Amino acid sequence: MENNAEWEPKIVAIVCNWCTYAGADLAGISRIQYPPNARIIRVPCTGRINPFFVVKALQEGADGVLVSGCHPGECHYISGNLSARRKFAMLKSFLNYIGIESDRALFTWVSASEGERFAKVIKGATEKVRALGPAQKLVKKI
Amino acid sequence: MESILRKTAKELLEGKKVDVVVGYTQGSVPLTMSPVFITNPDDAERLVFNALCSQNLAKYVHDVISQNRAAQKRLKPEERKKKVVGVVARGCTTRSLVLNLQEKQYTRDEIFIIGVPCAGYVDQKKLSAAVGGTEILDGSLTGGKVTVKTPAGEKSLVLAELLADNCLVCAYNNPIISDITIGEPAKPMNSANEFKKVEDFAALPLEERWSYFAKEMEKCIRCCACRNICPSCYCPECFAEQSMPQWVGVGADATDTQVFQLMRLFHMAGRCVDCGSCVSVCPMGVDLRMFLKKLDKDALDLFDARTGINEKDLPAFSVFKEREKNEEFLFEP
Ligand code: SF4
Ligand code: SF4
Ligand code: FES
């Protein structure tokens with residue numbers, strides 16, 4: 001894994017069921033190509049995402065974590081993404097403060113109709129994490 | 001001031017206005033004060049309040065109330081009795097009480113706040129350093145001076161130089177809410193440079209920040225004293241001990257300690273009152289405040305939220321808006 005020539009970024013994408021997951025589906029149905037680096041975890045809503053998920057994923061060996069849900073105002077549960085936005089704004093800033101590259105934790109919105117955007121997000125995230133190289137900090141060596 | 005405090009506590013207990021008064025009393029080690037629970041009006045004599053009182057007593061208020069609730073779980077609701085807890089509270093303690101009230105841990109009628117002004121407390125680590133780490137045999141506090149007796153002789157120290165870091169920049173040293181206040185309001189501390197340390201740290205290169213974090217967390221022995229003393233940490237079951245899922249490994253792995261700390265610290269986002277209790281109980285001298293203060297600053301910068309300074313507000317993460325002023329952190333491919 002540490003061998004850079006063969007190393008491929010591993011990204012954990014935690015996405016909400018109602019928008020981003022459906023967006024990913026649309027990207028698939030429309031046969032849009034995007035890098036295979038993201039492992040998708042489907043949750044009911046971004047409000048369900050405990051900031052610990054992000055930290056834990058980084059500890060267990062993810063090179064980057066992407067969180068994505070419905071655009072503000074479009075959350076299936078009305079306000080899940082609005083409170084999530086507050087948590088993640090602070091989490092991102094805090095991770096950066098303690099010295100973890102801020103591109104390792106990415107937050108965005110992708111709606112169910114944005115298959116194109118989903119592919120772009122995965123591509124963009126993969127590029128950003130690739131530029132950082134393999135994660136070294138907080139990673140548990142087992 | 002102490003005589004009024006004792007008299008007030010005595011009257012409250014005699015008049016059955018409160019069931020218990022949580023306050024400070026002389027500790028068993030010289031130059032320390034420890035928390036005390038007074039239920040007998042005659043014991044009110046034991047109460048003290050001075051610059052050696054360091055712990056945030058809001059923790060014990062929560063403990064008494066929740067234990068009282070748990071003990072009555074099997075009674076019919078109409079037979080349950082509330083306990084009224086009186087508490088000697090300075091600025092940071094009242095902020096914690098406000099936070100507990102905002103988070104609906106108890107109701108306002110379950111607590112009786114005896115507000116006291118605060119001019120800062122002595123950081124025991126600074127005190128110990130000032131006497132070169134030698135044993136303190138005896139000591140006293142008079143005016144702005146601390147007299148310390150060590151095996152090497154007597155030494156007189158300046159109180160102002162021994163105050164804890166959080167006290168030096170405290171912006172809320174007088175009670176935010178109270179039922180009774182004792183003494184004159186304290187003079188403001190120098191809070192203009194409150195976030196200076198955080199700003200300086202944030203300006204360091206990323207790798208230096210990480211090595212500082214890693215170095216500090218290396219010291220941590222995960223005794224959980226910081227969590228146990230914190231008035232904002234009151235979950236009956238902490239993530240640190242959960243086994244399904246197991247968030248934190250139990251071994252000596254450095255990343256487990258980092259993750260434990262990172263998560264405990266992040267739980268304080270918009271909830272830390274900077275009382276310094278965790279810093280003062282840490283046996284290993286971990287610089288927790290460097291990180292906690294950042295969360296304080298972010299909550300203020302991003303959401304204009306400050307923990308427990310207003311009963312009507314809510315903590316940063318209990319509020320949300322359609323539009324926030326900071327959305328630049330979002331990733332745009
Ligand atoms: S984290 Fe420390 S300083 Fe903050 S409220 Fe808890 S004990 Fe006080
Ligand atoms: S009190 Fe200090 S040593 Fe104990 S868990 Fe907290 S930071 Fe670690
Ligand atoms: S349902 Fe998609 S973010 Fe809440």
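Reply: Gly115(B) stands opposite Thr181(B) in β8(B). Keep in mind that this is a predicted model.

Me: How many bridges join β4(B) to β8(B), and do they run parallel or antiparallel?
Reply: There are 2 bridges, and the strands run parallel. Strand β8(B) covers residues 180–181.

Me: What about β3(B), how does that pair with β4(B)?
Reply: Strand β3(B), residues 85–89, pairs with β4(B) in the parallel sense. That pairing has 5 bridges. In it, Ala89(B) has Gly115(B) of β4(B) as its bridge partner.

Me: Which helix does the chain cross through from β3(B) to β4(B)?
Reply: Helix α3(B), residues 91–102. This β-α-β crossover is right-handed.

Me: Which residues point which way from β4(B)?
Reply: Ile111(B), Ile113(B) and Gly115(B) point one way. Phe112(B) and Ile114(B) point the other way.

Me: New topic. Where is Asn173(B)?
Reply: In the loop between α5 (165–168) and β8 of chain B.

Me: Why does Asn173(B) count as buried?
Reply: Because its relative accessibility is 7%, and the cut-off for buried is under 20%.

Me: Which backbone oxygens lie by polar atoms of the Asn173(B) side chain?
Reply: The one of Cys118(B) lies 3.1 Å from such an atom. The one of Lys187(B) lies 2.9 Å from such an atom.

Me: And what does Asn173(B) touch, leaving out residues up to four places away in sequence?
Reply: Among them are Gly91(B), Val116(B), Pro117(B), Ala186(B), Pro188(B) and Met189(B). Cys118(B) and Lys187(B) are also touched.

Technical notes. Residues numbered from 1 in each chain as written. Chains lettered and ligands numbered in written order. Predicted model: local features only at pLDDT ≥ 70, side-chain atom pairs only at ≥ 80, totals over all residues. Heavy atoms only, no water. Buried < 20%, exposed > 50% of the residue type's maximum accessible area, 1.4 Å probe, protein only. Helix = DSSP H or I, 4+ residues; strand = E, 2+ residues; numbered from the N terminus. Pairing = 2+ DSSP bridges. Right-handed = clockwise from strand over helix to strand, strands pointing away. Polar contact = N/O pair within 3.5 Å; in protein donor to acceptor, adjacent residues only side chain to side chain. Contact = heavy atoms within 4.5 Å.
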